[in-house]
Amino acid sequence: MLSRKSRKRIADYLTYIVLILFGAIVVIPFLWMILSSFKDAGEIWTFPPVFMPKKFQWSNYRDAWNALPFDRFLFNSIIVTVCVTIGQLFTCSLGGYAFARLRFPGRDKIFLLYLATMMIPFPVMMIPLFIIMRTLGWIDTLTALIVPGLFSAWGTFLMRQYMLGIPKALEDAARIDGCSYWRLYWNIIVPLCKPVFATLGIFTFMGTWNQFFWPLIMINTISAKTLPLGLVMFQARIAAETPWHLIMAASCAIVLPIIVLFIIGQKYYVKGIVMSGIKG
Amino acid sequence: MKIKIHRPKYFQKEEIAGLCFLSPNLIGFLIFSFLPITASIFLTFTEWNLATSPRFVGFENYVNIIDDELFWKYLWNTFYYAIGTIPATVMLSFFLAYLLNRKIHGIVFFRTLFFSPSITLLVAIAIVWSWLYNADFGLFNFILGTLGIDGPRWLQSTTWAMPAIIIMGIWKGTGYSMLIFLAGLQNIPEQYYEAADIDGANWWQKITHVTIPLISSTTFFVLVTTMIGAIQGFDQFYIMTRGGPAGETTTLVYYIFQNAFEWFKMGYAATIALMLFAIILVVTLFQWRFANKWVYDEGGS
Amino acid sequence: MIRREFLKIIGQLGIGAYGLSIPGCGNADKAVQQKYLTFEVKYPQTEWTMGVIDPNIGGAFKIMSWESAFQFKKWNRIIDTFFKLYYPNIKVQIDWGVSFGNYNTKLPVLLAGGSPPDLVWMHDTRAKAFSSIGLLQKLDPFIEKFNPKGWPEEYYPTQIESFQYKNYQYGFPYDYATGGLYVNLEMYKDIDEELPNENWTFDDLLRVGKKLTKGNKQFGLNLGNEANVGYQYWIIRSFGGDWFNKELTESKFNLPETIAAYQWISDLRWKHKVAPMPEVTQGRPQPFVDGVVAIDFNLGAPQFGDLLEDKFDWTIAPTPRGESGRFQFVGGSALSIPQKATHKHIAFELIRYMLSNPENLEIIGGMGRMFVSRMSMYKYGLPKGKLATKMSNFKHVFYDLARQDGVVVPYIQKYQEWDDICRRNLELLYFGEERSSKKVCLRLHDATSRWLEKLNS
């Protein structure tokens with residue numbers, strides 16, 4: 001009978017093997033995208049396809065940056081994404097907590113309504129939403145990109161499900177001690193929600209940063225465009241004229257903040273609740 | 001002994017708190033989700049070509065759907081895709097999340113690796129996967145060739161195009177769900193595992209009796225959102241195959257998009273969307289009812 | 001309980017009010033337009049303005065275009081000059097770089113949402129779709145009053161026709177594209193044949209294609225694929241077939257000539273094996289540039305030559321003639337004014353300035369992307385330098401023959417919807433799952449006939 005330690009080591013090796021195998025399959029397109037950002041214009045569509053560029057052209061990044069006002073696009077993207085992410089973390093956790101733990105009339109029915117709205121495909125909502133924006137006078141402004149994004153059914157759903165999993169014993173103990181709902185939420189629930197905050201934060205950031213279709217319809221002037229809109233300005237009507245090497249370089253640069261955020265966010269994936277502090 | 005709690009007519013503190021907590025969320029929901037959706041429901045009773053005012057046509061759109069062979073064909077395609085991707089994605093992402101939850105070196109590296117499909121540009125994904133699926137020099141047919149099998153035409157074959165996109169869909173969707181499962185796994189207190197160890201449980205028993213029940217609310221989330229995502233899939237079909245060949249990879253959302261923005265039949269598009277919504281709602285309600293049985297709610301609702 | 005009832009009532013009122021507002025917004029705009037379309041000359045006229053609009057007018061002038069970053073720089077200069085000279089107080093807002101695919105989605109949303117641009121780019125594939133539902137302004141009153149130079153003699157008839165609907169003009173043509181054959185001379189010199197010319201038959205071309213094919217490494221003849229069914233319309237006409245009848249009320253897919261034409265196209269790939277298989281062209285937009293195809297049908301534009309550069313020795317040749325005559329593919333783009341635009345007069349003056357002014361045409365023509373729509377301006381679209389020697393017959397192949405034999409693809413009123421039906425049927429043929437064009441064409445004939453019935457009922 002193998003010892004505890006060596007069993008764990010075998011399990012670890014097996015884990016490594018599986019992870020490396022799967023990881024290799026999973027990461028190939030991502031690698032190709034990064035390598036392509038260094039290629040020459042003609043190398044991207046060659047046949048047979050090449051993985052490694054003949055020469056690493058770092059100038060692609062510089063050329064892409066200079067071709068369009070990316071500094072403006074970056075600024076707009078940052079403002080929209082940061083506002084939306086913080087806003088969503090706030091409203092979704094409040095809402096999620098309300099749905100998970102607080103009782104009020106119609107709670108479950110309203111929640112089902114939330115779920116229901118997630119099931120309507122966006123193209124159908126787009127024109128009525130456009131008309132609402134026009135009535136509010138927000139067309140061509142960043143406000144139109146920020147405000148609808150401050151709330152999310154998906155995010156609320158995620159928060160609710162996660163909070164359902166938090167042991168009620170903690171809350172009960174606090175309530176007995178006479179804690180108000182706000183204190184309960186802010187001082188007890190929120191710290192326990194670090195992993196889901198990190199998850200929602202990453203997804204919201206990524207979703208808003210990469211959001212294309214809604215800004216496409218809303219924004220008409222170049223000074224208000226976000227990064228994805230700027231990226232697509234490289235595309236010419238004829239595929240042959242499109243500077244793919246610049247598009248690849250710009251895309252990789254755009255993806256970078258997300259990777260950074262993801263790596264930072266990993267810190268918050270901490271193992272959960274230590275119950276030792278709470279006695280019966 | 002059951003103590004009857006007397007609830008006064010005015011709202012209790014908890015109910016007020018609940019509504020307050022929910023209010024910022026709810027206001028946004030009402031204006032930016034509920035309102036457009038009700039407008040869309042209006043549209044289903046009209047014919048609107050985006051140029052002139054909507055024309056009231058009663059239930060004509062609904063009647064037309066029944067006769068529309070494309071609607072039913074695309075409904076089938078949508079289900080085909082959903083059934084192909086959902087179980088596989090959920091199981092695979094749970095499996096990976098479980099592995100990535102262990103204490104091994106380089107965990108951040110591996111997690112980033114598995115998250116990379118979600119942050120890769122769709123254009124790049126489409127290019128690389130088109131190569132993989134190429135009947136001539138693609139990797140898949142090459143591997144099949146070494147096994148002595150004549151690989152199919154994949155994206156240019158009416159039978160194999162959808163399975164091809166399903167495989168790609170699983171590959172792409174796993175990263176998201178994996179991350180959510182990871183968050184849920186973090187939520188399980190160590191104490192439960194330690195208690196199981198004391199009871200002499202092996203790793204399989206630990207998974208089935210501790211892990212799976214305790215992340216059941218997360219699993220419900222992953223199931224519902226993967227389902228909604230699969231049924232609403234559009235981008236991958238548009239970019240990989242344009243809904244072809246011969247309409248075999250067109251899903252309902254693609255059809256909605258075509259009706260609304262290419263053929264200027266907004267009323268009909270809204271009707272299809274409503275049908276789609278009804279179907280998803282029924283499935284979700286079913287899952288919800290069913291979930292009350294297997295989702296382990298720590299607090300009890 | 002009471003609160004819930006209260007909320008319900010508010011909700012219903014709100015929804016009701018909202019629902020009523022959608023039809024409402026259309027009527028208000030119509031009233032504004034009818035009042036607006038007058039041509040009273042109240043201000044001094046200049047070379048490029050008609051004096052109908054106050055030169056000191058303010059406000060925003062919105063333009064939307066699919067031209068990309070690099071193409072638009074030259075348009076920018078021209079537009080800036082116009083406004084600086086004639087309407088200095090107007091703020092110009094240009095939304096360019098909306099890539100072509102997204103352009104056709106965004107435009108209807110803007111038009112439906114009541115916030116249209118004043119000047120838009122329009123493609124021939126969508127012109128009839130947009131104009132038939134009244135999204136575009138008829139240009140005839142403007143043309144009549146403002147008299148653009150060279151209209152209509154200087155413009156290619158196919159271009160003018162492409163942007164007409166029910167005999168009204170809805171777009172002012174600004175560029176056009178036509179198709180020709182690109183020939184890989186290095187592969188060609190191996191066989192003992194003359195270069196194709198416009199009097200060759202399809203059989204001649206096939207014969208040469210067979211000689212040029214070497215298994216899977218080199219394909220002799222590529223005449224287009226399933227991606228764009230319009231690019232092969234000229235072949236159908238050359239065989240004597242057609243898609244519809246003249247009035248666009250009947251399907252002609254059951255004609256033996258149409259069936260024969262599609263069979264010929266399919267046989268290139270599956271019977272004679274001179275055209276590359278789908279897997280060869282998949283993910284590879286320019287097989288000719290990669291040296292996989294010896295003779296390739298492509299849109300003629302000097303920029304294609306840029307791609308080829310010195311890769312190998314090549315030249316251009318005209319497409320062949322069929323038993324029913326010679327037909328050449330032409331397509332193009334135009335500038336249009338949305339029906340609900342605010343500054344229609346200024347928009348037309350700008351169009352006239354951009355496209356009638358020979359100075360500007362030099363600049364645009366020199367961009368060399370597609371060909372300018374003015375016949376006398378062809379020399380600004382000719383290739384320069386090395387490309388000029390490679391394509392010494394450029395004018396003949398792409399200008400003269402296009403003017404002579406150009407055929408407009410029948411972009412029927414609801415073309416996108418029909419294109420979907422057409423594609424769904426023809427793809428089986430292109431991908432080789434059906435080898436008999438008769439089966440496919442008859443199926444398409446049924447589907448088209450049913451669709452046309454619904455359309456015309």
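## Polar contacts between the chains

Let's start with the polar links: in this predicted model, eleven residue pairs, both at pLDDT 80 or more, are in polar contact between chain A and chain B. A polar contact is a pair of N or O atoms within 3.5 Å; within protein, one must be able to donate a hydrogen and the other to accept it, and residues adjacent in sequence count only if both atoms are side-chain atoms.

The rule also finds one salt bridge across the interface, meaning a side-chain nitrogen of Lys or Arg within 4 Å of a carboxyl oxygen of Asp or Glu. B:R102 pairs up with A:D12, with 3.1 Å between the closest N and O atoms.

## How much is touching

On chain A, 99 residues are in contact (heavy atoms within 4.5 Å) with 94 residues of chain B. About 9,100 Å² is buried between the two chains, and carbon and sulfur atoms give 77% of that. Buried area here is the accessible area (1.4 Å probe) that two parts lose on being put together, summed over both.

## Ground rules

Residues are numbered from 1 along each chain as its sequence is written, and chains are lettered from A and ligands numbered from 1 in the order in which they are written. Local features need pLDDT of at least 70, side-chain atom pairs count only at pLDDT 80 or more, totals for chains, interfaces and linings use all residues, and side-chain values use heavy atoms, leaving out hydrogens and water.
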